[in-house]
Amino acid sequence: MITGSFDPNDKKVTPAGPISTQFINTGKYLDYLIRFQNTGTDTAFLVIIKDSLSQNLDINSFRMISTSHRYILNIKENNILEWTFPNIQLPDSNVNEEASHGYIRFRIKPKSTLITGDEIFNDAAIYFDFNAPVITNETYNVVVSSPVPLQLIRFAGKLEKNQANLYWTTIEERNVAYFSIEYSNNGLQFDSIGMVRSSGL
């Protein structure tokens, strides 16, 4: 029997999707998370992750946040980040599911010269030992000119005593008088069921 380590992986950016021109102008960061797991049939002794950053990201603003294992980082030409995890000894998930996971977290700013309509695509390649690379999903951001006049940082709904209660937290409210609560039976047409005054005024 020939054994080897191999795994799918994913990548996430926060915030995802639209980012405002204000986000760009105030120098805020995009936070990236790359996750990997050895679901192969043997221990992985070497893991290499290569991330070819979008040309719309400012490589000079790159900051590491954390990783799951000790690493060596090389920043190469053309905005290529390469993490090497030598002798990682990542067990396969059949032997030790909890220890078979790994991750990388970093942050980086979009270039200050971006304008409305500019896009940021990003993915990474993960190499387990001598296997062909697995390419992550592609993250996406687009610069928009009309930001929502607040930032939603938490939203939750809870059924309590046959009543649906909604909880949310916002910051950076600008000229927000109230929140309109709406419902829909089909996800296409919405009807208002009430308003809640904003505490931001």
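The legends below accompany an overall view and several close-up views of a predicted model.

**View 1. The whole chain, with its secondary structure and overall dimensions.**
In this predicted model, local features need pLDDT of at least 70 and side-chain atom pairs count only at pLDDT 80 or more, whereas totals for chains, interfaces and linings use all residues. Residues are numbered from 1 along each chain as its sequence is written, and side-chain values use heavy atoms, with hydrogens and water left out. The chain comprises 1 helix and 16 strands, where helices (H or I, at least four residues) and strands (E, at least two) are DSSP runs numbered from the N terminus. Its C-alpha atoms occupy a box of roughly 65 × 50 × 30 Å along the principal axes. Of the contacts with a separation of 6 or more, 64% link residues 24 or more positions apart, a contact being heavy atoms within 4.5 Å.

**View 2**
Of the 201 residues, 33% are buried, meaning under 20% relative accessible area, with exposed meaning over 50% and partly exposed lying in between. The chain carries 17 positive and 21 negative side chains, and the centres of these two sets are 9 Å apart. Lys and Arg count as positive and Asp and Glu as negative, while His and the chain ends are not counted; each charge is placed at NZ of Lys, CZ of Arg, CG of Asp or CD of Glu.

**View 2. The largest nonpolar core.**
A nonpolar core is a set of buried Ala, Val, Leu, Ile, Met, Phe, Trp, Tyr and Cys residues joined through side-chain atoms within 4.5 Å. The largest one has 28 residues, of which Phe36, Val47, Ile49, Trp83 and Phe106 touch the most other members. Among the elements that give two or more residues to this core are helix H1 (21-25), strand E3 (30-37) and strand E8 (101-110), while the largest share, 5 residues, comes from E7.

**View 3. Isoleucine 108 and its surroundings.**
Isoleucine 108 is found in strand E8 and is buried, at 0% relative accessibility. Not counting residues up to four places away in sequence, isoleucine 108 touches Tyr29, Leu30, Tyr32, Leu53, Leu57, Asp58, Ile59, Ser61 and Phe62. Arginine 197 is 89 residues from isoleucine 108 in sequence, and their C-alpha atoms are 36 Å apart.

A cis peptide bond, with omega about -5 degrees, joins threonine 14 to proline 15, and proline 15 lies in the loop between strand E1 (9-14) and strand E2 (17-20). Asparagine 79, in the loop between strand E6 (72-76) and strand E7 (80-90), has a positive phi near 60 degrees although it is not a glycine, and this residue is buried, with a relative accessible area of 11%. Aspartate 129, likewise not a glycine, has a positive phi of about 50 degrees and is placed in the loop between strand E10 (124-128) and strand E11 (134-135).

**View 4. Threonine 136, a buried loop residue.**
Threonine 136 sits in the loop between E11 and strand E12 (139-144) and counts as buried at 7% relative accessibility. Leaving aside neighbours within four places in sequence, threonine 136 is in contact with Asn9, Asp10, Lys11, Asp123 and Ala124.

Terms used: Buried means under 20% relative accessible area, exposed over 50%, partly exposed in between (1.4 Å probe, protein chains only).
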